[in-house]
Amino acid sequence: MGTIREAVTLVGRKSRVATGALFDTGCTHSLIEETLAKRLGPLDDLPEPVEFEAAIGHFKCTKGIFVDVHIGSYRYPSQFRVVHGLTETVILGTDFMQVWNIRLDPRKHIAVLDPKALKMRAVSGRFEPHR
């Protein structure tokens with residue numbers, strides 16, 4: 001498929017950082033390198049550790065961070081798992097792409113953004129379990 005990277009700006013509670021992000025359909029969660037995450041804001045403890053299996057081996061995440069990902073003129077509020085020693089500074093995984101309806105175009109090596117996905121909707125109603 002090829003490598004698809006885009007310029008992004010990450011905005012956290014402490015700072016704003018321009019960097020590159022790898023769009024990775026083989027990664028289930030969005031990941032951020034620990035040093036960069038600490039520059040952006042305070043890290044949160046995950047309710048439970050999350051374990052990952054990757055080509056480089058097995059690793060565990062115990063921290064996360066919420067930041068806004070800016071791509072062009074669009075803002076995507078996002079959650080990342082924090083990884084010490086990650087080889088990429090930012091990996092946008094399938095969780096990010098599915099929520100924001102982002103498609104990858106392997107021929108052009110670009111991420112295709114859907115501005116309609118940015119319309120936040122609050123759905124109200126009463127939850128009724130199936131009986």
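Guide: The protein exposes about 8600 Å², of which carbon and sulfur atoms supply 51%; accessible areas come from the Shrake-Rupley method with a 1.4 Å probe, and for residues only the protein chains shown count as cover. This is a predicted model: local features need pLDDT of at least 70, side-chain atom pairs count only at pLDDT 80 or more, and totals for chains, interfaces and linings use all residues. Residues are numbered from 1 along each chain as its sequence is written, and side-chain values use heavy atoms, with hydrogens and water left out.

Visitor: What share of the residues is buried?

Guide: Buried residues make up 38% of the 131 residues in the protein. Buried means under 20% relative accessible area, exposed means over 50%, and partly exposed lies in between (1.4 Å probe, protein chains only).

Visitor: How many helices and strands are there?

Guide: The secondary structure comes to 2 helices and 9 strands. Helices (H or I, at least four residues) and strands (E, at least two) are DSSP runs, numbered from the N terminus. From the N terminus on, the elements run β-β-β-α-β-β-β-β-α-β-β.

Visitor: In which sense do S1 and S2 pair, parallel or antiparallel?

Guide: S1 and S2 pair in the antiparallel sense over 8 bridges; two strands pair if DSSP finds at least two bridges between them. A hairpin joins S1 to S2 through 4 residues. Ala7 has Gly20 as its bridge partner in S2.

Visitor: And S2 with S7, parallel or antiparallel?

Guide: S2 and S7 pair in the parallel sense, over 2 bridges. Here the bridge partner of Phe23 in S7 is Leu92.

Visitor: Back to Ala7: buried or exposed?

Guide: Ala7, which is found in strand S1, counts as exposed because its relative accessibility is 62%. Leaving aside neighbours within four places in sequence, Ala7 is in contact with Thr19, His70 and Ile71, where contact means heavy atoms within 4.5 Å. Ala7 and Ile71 are 64 residues apart in sequence and 6.9 Å apart in space, C-alpha to C-alpha.

Visitor: What share of contacts joins residues at least 24 apart?

Guide: Among contacts between residues at least 6 apart in sequence, the share is 55%. As one case of residues apart in sequence, Glu34 in helix H1 is in contact with Val82, Val83 and His84, leaving aside its neighbours within four places. Glu34 and Gly85 are 51 residues apart in sequence and 7.1 Å apart in space, C-alpha to C-alpha.

Visitor: Which residues touch the most other members of the largest nonpolar core?

Guide: Of its 25 residues, Leu10, Phe23, Ile32 and Phe96 touch the most other members. A nonpolar core is a set of buried Ala, Val, Leu, Ile, Met, Phe, Trp, Tyr and Cys residues joined through side-chain atoms within 4.5 Å. The elements that give two or more residues to this core are strand S1 (4-11), strand S2 (16-23), helix H1 (34-40), strand S5 (57-71), strand S6 (74-83), strand S7 (90-92) and helix H2 (94-99). The largest share of this core, 4 residues, comes from S5. Apart from this core lies another, of 11 residues, among them Val50, Cys61, Val83 and Ile91.

Visitor: How many disulfides does a search of the structure find?

Guide: The search of the whole structure finds 0 disulfides, a disulfide being a pair of cysteine sulfur atoms within 2.5 Å. The sulfur of Cys27 is 9.1 Å from the closest cysteine sulfur, in Cys61, and is therefore too far for a bond. Cys27 counts as buried at 10% relative accessibility, and Cys61 counts as buried at 0%.

Visitor: Changing topic, how many aromatic pairs are there?

Guide: The search finds 3 aromatic pairs. Rings of Phe, Tyr and Trp (its six-membered ring) pair if their centres lie within 6.5 Å; planes under 30 degrees apart count as stacked, over 60 as edge-to-face and the rest as tilted. Phe52 and Phe59 form a stacked pair, at 5.3 Å centre to centre with 20° between the planes. Both Phe52 and Phe59 are buried.

Visitor: Why is the pair of Tyr76 and Phe96 edge-to-face?

Guide: The ring centres of Tyr76 and Phe96 are 5.6 Å apart and their planes stand at 65°, so the pair is edge-to-face. This pair links distant parts of the chain, with Tyr76 in strand S6 and Phe96 in helix H2, 20 residues apart. Tyr76 and Phe96 are both buried, and ring pairs link Tyr76, Phe96 and Trp100 into a cluster.
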